[in-house]
Amino acid sequence: MPTQYDLVVIGSGVAATTAAFRCRSAGWRVALIDHLPFGGTCALRGCDPKKVLVGVAEALDQSRRLRGKGIGGAEPSIDWRQLIGFKRSFTDPVPRQREDELAKNGIDAFHGRARFAGPQAIEVGDQTLAARLILIATGAVPMRLDIRGEELLTTSTDFLELDKLPKRVVFVGGGFIAAEFSHIAVRAGAAVTILEQSPEILTQFDQELVGMLKAKSAALGIDTRVKTRVDSIEKTGSGFRIAVASDGLGSALEADLVVHAAGRTPDIEALDLAAGKVEHDKGRLRLNEFLQSTSNPVVYAAGDAASSGPPLTPVASRDAAVVAANMIEGNHQRPNYEGVASVVFTIPPLARVGLLEEEARERNLRFRVRHEKTTDWYTARRVGEDCSGFKLLIEEGTDRILGAHLVGPHAEEVINVFALAIRADLPASRLKEVIFAYPTAGSDIGYML
Ligand SMILES: Cc1cc2nc3c(=O)[nH]c(=O)nc-3n(C[C@H](O)[C@H](O)[C@H](O)COP(=O)(O)OP(=O)(O)OC[C@H]3O[C@@H](n4cnc5c(N)ncnc54)[C@H](O)[C@@H]3O)c2cc1C
């Protein structure tokens, strides 16, 4: 006889636990399953451990930038082994803490790969769990690239576990992971190359600010090659040989580590969705506006697995809150992704909220653009940063902030103020009136508007 649950949640990341705790608080019997140590991508293999590495690289970078401006003595360097040890002090305790929290709240935890055994049944190991409702919160995995030697690629997860950083690192793809990890690796002394097949990197960000960041990356020694397609990877005696094609011409480069940075896709392949009568198309679940399966109303999805909003932790958490409300009270909430801030944690960071300039033009909006390089502003000069700027899009007539784009010191924090303004519908003139603490990067906002 299978155990009966009100809700079976697949995954143990932000989306899974947010929904599980909410439904448990409503008095439901809840089960949660993961085949990896509990905690999900953000806490164990993504945002949090990555930012520990970024923090140390940033400290080193700042001391280099301020050399001769008050910093002297022996040049500091990154001790990779120590750094990974420091990172583990954050990640190692997570699975135990998560499991204790689940147990304390009366949520049953199962270890193993879950798959559908019917429209209302989930199989894990040799157990079958019967469910009134099911939540797919399985996150995302590196996309399959269909290139020869693909299995030789190191994932971002493996990169964060490296005991030693190899000398020559190549990133395949030019998105978030390549930008962030290349900035860490180059500060730690590696020779870094990014290979991107399209003409631009970081395509979801303002390309003028990306251009500034690219110049900074080049000055650091990062070799970014766009319009360069990776055709194959092969193992050589001591490393790897990567065959590439650029402008129709083939060539090859050698590396000690080749990292997959070419995008992630919902992790739904192993779920046996057909057995659950859950339809999907081109690697994505078919969901309605309430994040419910269009073919099996018992099933909902949230976070990276749902792929309904941008693949970010706060989005996963918001999706899960929406889904929990819909499951408990009936469908009535839809996720709203307007004004979701997102940051590339390079050094300096690049940030965005709202529309890109091209997107605002495509929507035929009438707006003015405030755009300036701010390397000579106090915030950048004080810390010796030569990559700093902003672009703001402000709607004519309504004075609404349509989009804010920042690169430079503290961009990752200042962008949140613009996110607040966008989500709270605060016009630019009202934001300009705010009396921010001085001297802070936030106080620059008044001058940007
Ligand atoms: C390197 C990296 C850096 C990132 N940095 C940031 C950042 O700075 N800021 C930000 O907002 N976002 C960042 N992200 C994205 C963020 O981590 C994700 O958007 C977020 O973790 C998604 O949460 P989730 O709950 O949807 O899924 P996850 O946290 O991925 O959880 C899904 C879980 O489901 C499990 N699972 C999958 N299939 C099964 C199955 N069949 N049976 C049992 N268990 C299964 C997986 O093992 C996994 O633990 C980063 C991602 C990566 C990879």
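**Entry 1: the second largest cavity.** I started with the second largest cavity, which has a volume of about 90 Å³. For my own record, I used a 1 Å grid over the protein atoms alone: a cavity is a set of points where a 1.4 Å probe fits but cannot get out, a pocket is an open set with protein on both sides within 12 Å along at least five of seven lines, and lining residues have an atom within 4 Å of a point. Points are joined across faces, edges and corners, and the volume is the space filled by probe spheres set on them.

I noted that this is a predicted model, with local features needing pLDDT of at least 70 and side-chain atom pairs counting only at pLDDT 80 or more, while totals for chains, interfaces and linings use all residues. Residues are numbered from 1 along each chain as its sequence is written, and side-chain values use heavy atoms, with hydrogens and water left out.

Back to the second largest cavity: 15 residues line it, and A179, I194, I201, L202 and S217 lie nearest its centre. Two or more lining residues come from each of α7 (176-187) and α8 (207-220). I see α7 giving the largest share, 4 residues. (Helices are DSSP runs of H or I, at least four residues, strands are runs of E, at least two, and both are numbered from the N terminus.)

**Entry 2: the largest cavity.** Next I checked the largest cavity, with about 160 Å³ of space. Of its 17 lining residues, S388, V407, P409, D444 and M448 are the closest to the centre. I found that α11 (378-381), β22 (389-395), β23 (401-407) and α12 (411-423) each supply at least two residues of this lining.

**Entry 3: a pocket and a sheet.** The second largest pocket holds about 260 Å³ of space. Which strand gives the most to its lining? I found strand β11 (residues 228-235), with 4 residues.

I followed β11 into an open sheet of 3 strands, ordered β11-β12-β13 with antiparallel pairing. (Two strands pair if DSSP finds at least two bridges between them.) The edge strands are β11 and β13 (249-255). Between β11 and β12 (residues 240-246) I noted 7 bridges, and S232 has A243 in β12 as its bridge partner.

**Entry 4: domains.** I listed domain 1 (3-142 + 265-329), domain 2 (150-262) and domain 3 (348-448), with bounds from an automatic or database domain assignment. The C-alpha centres of domain 1 and domain 2 lie 27 Å apart.
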